[in-house]
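Biologist: I am new to this structure. Please show me how to read it, one feature at a time.

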Amino acid sequence: MGVETHKTFCRFCHANCAMEVDVEVTEAGRKVIEARGDPDDPAFGGYTCLKGRELPDSHNAEHRLHHSLVRDANGEFQETAMPDALAHVAETIRRVIDEHGPHAVAVFMGSGGYQNSAAMAASLSFAQAIGTRNFYTSVTLDQPAKVFTTARYGKWMGGPNTFSESDVALLVGNNPIVSHYSPPGGVPPFSPSRRIRDRKAEGMKVLVADPRESDVARLADIYLPVKPGEDPALLAGMLNVIISEELYDRNFVSAHVDGFEELAEAVKPMTPEVAAERAGVDKDQLVAAARMFAGGSKGCAVTGTGPEMAGNGTLTEYLVTCLNTICARFKQEGEKAAIPGVFTNINGPRRAQVGPPMPMFGAEGMAKSRFRGLGQLGFEMPCNVLADEILTPGEGQIRVLISVGGNPVVGFPNQQKMVRALDDLDLFVQIDPWMSASAKRAGVVLAPSQCLEREDITNLSEWWHETAYARYVEAVATPPGDVIDEYEMFWTLAHHLGVQMNLAGGPLPMDRKPSKEEFLDLMTAGCIVPPSQVRKDAQAAGGAAVVYEDKHPVVGPVEESEFNRFNLAAGDMPAELLRYADNPAARAGYEFKLISRRSKTRFNSIGHPLKKLREKTTTNPAYIHPEDIAALGLEEGGIVEITSPHATIHGVVKASNKVRRGLVSMAHAYGDADASKEDVRERGSSTNRLTSDEVDYDPITGQALQSAIPVKLVAA
């Protein structure tokens, strides 16, 4: 009895900050009472964000679900034992598959599900076991181009230059200080503000392009306030300067790059004068930024989710790839590989060359949607066809949806359409510790254990670790009521259905439930160090992180028999740039644009139920430049009506001279489908109500316009 302190890591978001937690031990069980940063951790050094420090509230809140809920014949939720709830779900899935086939069942993996190290593999394995093509993740909502389209231009097997070794960094619409996210090569989400300041003190130059002066923009050596959705103009203008002034790495391009001539021709019209005018930035600053980026010996250009959500996402990611490629921003022979990835099977050696082509979409045999010519991206279908796949009768119509820690009501575009789709299902299953906006519309709500109540590894966050850093943490708190791990839910459903789940290392045992350690070992088969060994090493270290310096891969020499080259002309992207240049975006009478932003007190929709976070941010403010507030006759703290071509929402006016004129800046994934003017101060509004999945979408990824949304503003 008493209070114990344990080393663990946070799973509020994907940063996985190292923590110490105090646990009160009584006869009733183990209750977490405080969480703070671990000052001894080699990567984090005591850093956590305010969201993570609210883990005790997340685990102990009175309104947390301790039991699963199943709707009765009268439509009322009834507390139901987990085995009975899962048996009910399995029975419905069996009936639907028997009547309509396996594609009538869909699984959506949301942001919350990703915070369980086993949930992604478990949900995908379940979907594959029942034979459905309808597996979806939140990746296709906000950043499909950087995951699925850049691979077609070529991927360097040694990885990109890392942040800690770079002398220049270009961040396009990326605010890692708040989002705790950046692609590999960008700012690791471990005390990001301090990390940037330290690197700047060592001489690093930081370039930031963003429509608003974000937290990271205030640290920039050059800040480019690019117009929302016009990132391609800025990037093409920088490429124009780098190519015309021959600042690129000519030896690298000659040895490893095809399509350079086509790229050079495509960026010719985007002179600094033309590009700066369209992008809304100063011409001299654009030129200076291009020279600064190309002049660094090592560096990396990365994007956030905003530029992809603002339209032209694939073109934007292509141009960033071009910048990194022609400036040779990659690890070379003899250097340590960029991201060692202890738990991630990279599927190939680390070499100083371009890897073999990776078909990520459109290849023969990849599944196709029934809508808009869209198809499978990697192993998943694009989220922006999900509502139509549910609502439209015919072969393949979805009748059952399982949402793993997602929140489709506030996270998907065309909110009212998604609500109709969820209500149309034979069964909507929401795995959620809270009665979220989506859980309230479900037929079954399955209550999961939370992070400090289960074992986990740091497989999600290792894409940002520049060393071979690994964690295996134990459960330190007692799960309340009748909650279980998500991997157990999917295993139980598969067991009921009599189907075999398989992982990278082979089949799961289906005659008995595997332990979490067994599951993780099978899931990560072929990795540098298996989870079971990391567990032993972590236990020997008192639960702390283990850094396997001797196992960090080193970039090897070129293997001539497997030689490949970058192809910057793939997918006709140079021509796509020319089409963009000839077709400026039309305003169509909507004089403002709404851009998305991150909130310090939320991770997408995660965090809304927590008391202290609610007190810090009671609504979803509409940030507007003071001069626009005056010109529109609005008032600070008043209500503004925001109308797009598709719908209307409301926001509480907040003045900010960090937002350029003509914009309104709001966080996404707020509110609920019934949020209104009357309760906007307490609930906030969902900007996704303003969007459509049927117009203004990327023809490859299907991603809808979710930032740079044309809107009109009037006082409400």
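Modeller: Start with burial. Buried means under 20% relative accessible area. This is a predicted model. Take Ser123 in it, which lies in helix H4 (residues 119-130). Ser123 has 0% relative accessibility, so it counts as buried.

Biologist: Which residues is Ser123 in contact with, leaving aside its neighbours within four places in sequence?

Modeller: A contact means heavy atoms within 4.5 Å. With those neighbours left aside, Ser123 is in contact with Val107, Met109, Phe135, Val404 and Phe490.

Biologist: How far apart are Ala421 and Met120 in sequence and in space?

Modeller: In sequence, 301 residues separate Ala421 from Met120. In space, their C-alpha atoms are 24 Å apart.

Biologist: Let us step back. How many helices and strands are there in the protein?

Modeller: The protein has 25 helices and 28 strands.

Biologist: How should I read the contacts of the whole protein?

Modeller: Look at sequence separation. Take contacts between residues at least 6 apart in sequence. Of these, 74% join residues at least 24 apart.

Biologist: How many positive and negative side chains does the protein have?

Modeller: There are 72 positive and 93 negative side chains. The centres of the two sets lie 4 Å apart.

Biologist: Next, aromatic rings. What makes a pair?

Modeller: Ring centres must lie within 6.5 Å. By this rule, the count is 15 aromatic pairs. One of them joins Phe44 and Tyr469. Planes over 60 degrees apart count as edge-to-face. Here the planes are at 65° and the centres 6.3 Å apart, so the pair is edge-to-face.

Biologist: Where in the chain are Phe44 and Tyr469?

Modeller: This pair links distant parts of the chain, 425 residues apart. Phe44 is in the loop between strand S3 (29-37) and helix H1 (55-60), and Tyr469 is in strand S17 (residues 469-470). Phe44 counts as buried at 3% relative accessibility. Tyr469 counts as buried too, at 2%.

Biologist: Which residues do ring pairs link into a cluster?

Modeller: Trp156, Phe252, Phe330 and Phe566 form that cluster.

Biologist: Last, the backbone. What is phi of Ser191 near?

Modeller: Near 50°, a positive value in a residue other than glycine. Ser191 sits in the loop between helix H7 (176-179) and helix H8 (192-201). Its relative accessibility is 17%, so Ser191 counts as buried. Ala708, also not a glycine, has a positive phi near 55°. Ala708 is in the loop between helix H25 (680-683) and strand S28 (709-715). At 4% relative accessibility, Ala708 counts as buried.

How values were computed
Residues numbered from 1 in each chain as written. Predicted model: local features only at pLDDT ≥ 70, side-chain atom pairs only at ≥ 80, totals over all residues. Heavy atoms only, no water. Helix = DSSP H or I, 4+ residues; strand = E, 2+ residues; numbered from the N terminus. Lys, Arg positive; Asp, Glu negative; His and termini not counted. Charge placed at Lys NZ, Arg CZ, Asp CG, Glu CD. Buried < 20%, exposed > 50% of the residue type's maximum accessible area, 1.4 Å probe, protein only. Phe/Tyr/Trp six-rings, centres within 6.5 Å; stacked < 30°, edge-to-face > 60°.
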